[in-house]
Amino acid sequence: MKKILLIACSLFLCLASQPVQAQKPHSDLHNEIGVGAGPFSFFGGFIIGTADFFGALGNSLSHRAYSSNYYGLYDVHYYYQINHWCQVGVKFTVEGSRTTIYTDTLRTAVSSINRDLIFTLMPCVRFTYFNRPWVRLYAGADLGVGYLFSHTQDYAKDDLERKGSNFFPAFNVTAFGVNVGKRFYGLFELNAGFDSFVKFGIGARW
């Protein structure tokens with residue numbers, strides 16, 4: 001009878017320990033740092049794109065050429081692993097564009113150049129719903145502060161220089177994210193907010 005109880009207890013402990021071990025494939029790697037890049041964020045693209053639309057419309061009516069260039073969005077992020085399903089961290093992003101207005105439709109001379117930069121600093125939380133040694137699937141949310149800096153050089157008005165800036169609340173939702181790798185990894189994300197709506201990146205864990 002004692003042998004049966006001992007075997008049953010041993011079997012129960014073995015079975016009970018399996019989910020814990022399976023849920024902690026990276027239990028010794030608590031820190032994560034990485035960089036990412038993408039074309040633009042939804043809100044950054046909306047802010048800059050709206051200004052571009054009305055600017056292009058106004059310059060078209062004035063018979064002047066107009067061009068815009070997006071620099072893309074870049075981020076640096078750090079996360080700390082609290083448990084097998086939750087990480088907390090912080091993310092810094094920068095996004096920019098340049099708009100050039102010409103004196104005429106033939107682009108014989110530059111009338112003005114405007115540069116916009118959007119910076120954000122957002123504490124973030126990430127929820128991992130699939131955690132395996134080589135692959136992680138996750139979703140997340142970020143909430144912090146943003147800063148918009150605008151600089152315009154107007155060559156048509158004696159090189160008049162104008163600068164503007166303002167702070168605003170910044171947020172982001174990661175609808176889908178995937179990490180592939182152990183100590184070094186690649187990532188892909190789909191975002192809605194002030195992070196790039198499509199983002200690729202690399203990082204390391206320790």
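How many bridges join strand E2 (residues 66-81) to E3? In this predicted model, local features need pLDDT of at least 70 and side-chain atom pairs count only at pLDDT 80 or more, whereas totals for chains, interfaces and linings use all residues. Residues are numbered from 1 along each chain as its sequence is written, and side-chain values use heavy atoms, with hydrogens and water left out.

The protein chain contains two helices and eight strands, where helices (H or I, at least four residues) and strands (E, at least two) are DSSP runs numbered from the N terminus. Along the sequence, these elements follow the pattern α-β-α-β-β-β-β-β-β-β.

Strands E2 and E3 run antiparallel and are joined by 15 bridges; two strands are taken to pair if DSSP finds at least two bridges between them. A hairpin of four residues connects E2 to E3, and Asn-69 has Arg-98 in E3 as its bridge partner. Strand E3 is also joined to strand E4 (residues 110-131) by 17 bridges, again in an antiparallel arrangement. Here, Thr-93 has Thr-120 in E4 as its bridge partner.

Strand E3 (residues 86-102) is mostly covered, with twelve of its 17 residues buried, that is, under 20% relative accessible area with a 1.4 Å probe, protein chains only. Across the protein chain, buried residues make up 38% of the 206 residues. The accessible surface, computed by the Shrake-Rupley method with a 1.4 Å probe, comes to about 11700 Å², of which 72% belongs to carbon and sulfur atoms. Of the contacts (heavy atoms within 4.5 Å) with a separation of 6 or more, 62% are accounted for by residues 24 or more positions apart.

Definitions and conventions: Buried < 20%, exposed > 50% of the residue type's maximum accessible area, 1.4 Å probe, protein only.
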